[in-house]
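The entries are kept in the order in which I made them.

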Amino acid sequence: MTSLVLTLTETLRYKGALGQWSWVLHRITGLGVVLFLVLHVIDTSWAYFYPELYVKAIAVYQSPLFTIGEFALVACVVYHAYNGLRIALIDFKPVWWRHQEKAARYVLIATAVTLVPVFVLMFSHVLKHYQSPDVQVLGLDAVVESQIPFIAGFVIAGFAALLLSAITMAILPKSAAGPKAKPTGSQIERFWWSFMRLSGVLIIPLVFGHLAAMHVLQGVFDMTVAGMTVVGVPVSGDATALWNGINASGTAVEFVGERWNHLLGGVAIWRVFDAALLMLVTIHGFNGLRYVLTDYTSFNPMLKRAAIYLCIMGAVVLLVTGIGALLGTIDQTAVDMAKEATAKLFAP
Ligand code: HEM
Ligand code: HEM
């Protein structure tokens with residue numbers, strides 16, 4: 001954290017050119033999205049594993065604090081995506097390097113041009129929600145309280161990575177673990193360099209499509225409106241069927257169930273879509289986090305190793321949790337549990 005603050009203050013002191021600012025912004029936006037991703041994949045998996053907890057998680061997303069965060073998140077994703085595309089294109093064609101400064105300016109303009117209409121649409125969802133007569137808002141204390149397990153999880157993961165690093169350093173021969181350890185893996189780093197660019201480009205349509213569905217076409221508030229259609233799922237016309245494209249119970253669990261259980265030509269397309277998104281963003285995001293953390297811990301081999309372990313652990317936990325949920329079946333029992341939990345959550 002201190003090092004990230006130092007990066008910022010030094011950029012301000014140095015009055016960096018646009019290139020320097022692009023680098024700092026790319027780093028901060030990437031870190032912001034990774035942090036969100038950790039909360040989001042764990043929360044989403046509860047739709048299958050713990051329907052009652054998912055109800056609360058969505059109420060937290062609908063609270064004013066998270067609404068502000070949602071605007072910031074969308075801004076981070078859009079800037080990071082456009083700037084990442086600039087990096088990937090320019091690295092692909094080194095003759096374009098001389099246009100770096102101009103390209104960085106275009107990225108800022110494109111971000112602003114995209115965000116203005118998107119924010120207007122997002123804001124219209126917020127307004128509609130607060131104008132509704134039966135709006136229910138979770139208190140700030142409950143919102144803050146809901147984040148405590150995540151903070152505890154981050155601290156525990158940090159200590160576990162440090163412990164594992166210390167044990168490995170003690171076991172490994174000095175030559176392999178010490179500060180003068182021979183540089184290995186340049187081929188692996190070349191792979192990661194290409195992966196970051198290719199995965200970044202592939203993520204753009206997936207994450208933009210996902211955000212368009214959840215913020216523009218519908219808003220996160222629409223997930224809990226009874227009788228509402230569900231984005232990306234056509235209404236089947238069979239009103240008696242549980243999965244007919246309408247969120248009859250008005251629970252977030254039924255919303256996710258409608259999407260994950262919808263079949264197109266026998267294929268659960270939203271599960272496949274989410275699995276592709278999950279794998280790409282998790283591996284890209286945690287490898288990016290590794291770049292950042294190892295940059296700031298390179299002075300101490302044990303800390304640097306702990307940073308790498310932390311990123312591997314984080315990615316594995318998210319992949320296992322996310323895929324576990326995608327392979328599960330959301331059924332009527334889960335929807336009933338969610339209905340009961342919703343009634344309790346806002347009970348006077
Ligand atoms: C939307 C499409 C995206 C594109 C085009 C993109 C592109 C890139 C590129 C080209 C890099 C530089 C890699 C390098 O220096 O070798 C990068 C770094 C990074 N990306 Fe992304 N990315 C995208 C989405 C994401 C997402 C969704 C996350 C978070 C889950 C993320 C997190 C990061 C992080 C943390 C870094 C490291 C930043 C640093 O080293 O300063 N990116 N991205
Ligand atoms: C506040 C903004 C967001 C909302 C409201 C939202 C909402 C949702 C919902 C409702 C699902 C459940 C499945 C579905 O309906 O497709 C989901 C899944 C998912 N979202 Fe988002 N999303 C948001 C932003 C993002 C961003 C920025 C990313 C990527 C960096 C992302 C990555 C994912 C992934 C990977 C899954 C699958 C999770 C799993 O397998 O358990 N989401 N999202």
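The notes below begin with the whole chain and then turn to its parts.

**Entry 1. The chain as a whole.** I note at the outset that this is a predicted model. I counted the secondary structure and found 12 helices and 2 strands. I then read the order along the sequence, which is α-α-α-α-α-α-α-α-β-β-α-α-α-α. I looked up the radius of gyration next: the value is 22 Å, close to the 20 Å that the globule rule gives for 348 residues, so the chain is as compact as a globular protein of that length. Along the principal axes, I recorded a C-alpha trace of about 70 × 50 × 45 Å.

**Entry 2. Burial and contacts.** I checked how many residues count as buried, and the share is 26% of the 348 residues. For contacts between residues at least 6 apart in sequence, I found that 74% join residues at least 24 apart.

**Entry 3. Ligand 1.** Which residues are the closest to ligand 1? I listed G30, G84, G200, G285 and G288 as the closest, within a shell of 28 residues. The elements that give two or more residues to this shell are α2 (18–49), α4 (64–92), α8 (186–217) and α10 (269–297). I noted that α8 gives the most, with 8 residues. Sorted by class, the shell around ligand 1 holds 18 nonpolar, 8 polar and 2 charged residues.

**Entry 4. Ligand 2.** I repeated the search for ligand 2 and found 25 residues around it, the closest being T44, R259, D274, L278 and G322. At least two residues of this shell come from each of α2, α4, α8, α9 (252–261), α10 and α11 (301–327). Which element supplies the largest share of the shell around ligand 2? I found that α2 does, with 6 residues. By class, I recorded 17 nonpolar, 5 polar and 3 charged residues around ligand 2.

**Entry 5. Helix α9.** I examined α9 separately and found this helix mostly covered, with 9 of its 10 residues buried. The buried residues are A252, V253, E254, F255, V256, G257, E258, R259 and W260.

Entry 6. Two packed helices are described by the angle between their axes and the distance between the axes. I looked up both values: the axes of α10 and α11 come within 9 Å and cross at roughly 170 degrees. The two helices are therefore roughly antiparallel to each other. Their contact comprises 16 nonpolar, 5 polar and 4 charged residues.

**Entry 7. Residue A307.** I located A307 in helix α11. Is A307 buried or exposed? I counted 24 other C-beta atoms within 10 Å, so A307 is buried. Apart from neighbours within four places in sequence, A307 is in contact with R290, L293, T294 and T297. I also checked G158, which is 149 residues from A307 in sequence and 8.3 Å away in space, C-alpha to C-alpha.

**Entry 8. Residue I109.** I found I109 in helix α5 (residues 100–131). I109 has 10 C-beta neighbours inside 10 Å and therefore counts as exposed.

Methods: Residues numbered from 1 in each chain as written. Chains lettered and ligands numbered in written order. Predicted model: local features only at pLDDT ≥ 70, side-chain atom pairs only at ≥ 80, totals over all residues. Near = placed C-beta within 6 Å. Helix = DSSP H or I, 4+ residues; strand = E, 2+ residues; numbered from the N terminus. Nonpolar A, V, L, I, M, F, W, Y, C, P; charged D, E, K, R; others polar. Rg over C-alpha atoms; globule rule 2.2 N^0.38 Å. Buried ≥ 20, exposed ≤ 12 C-beta atoms within 10 Å, placed from the backbone. Contact = placed C-beta atoms within 7 Å. Axes fitted to C-alpha atoms, helices over the stretch in contact; angles between N-to-C directions. Parallel < 35°, antiparallel > 145°, perpendicular 65-115°, else oblique.
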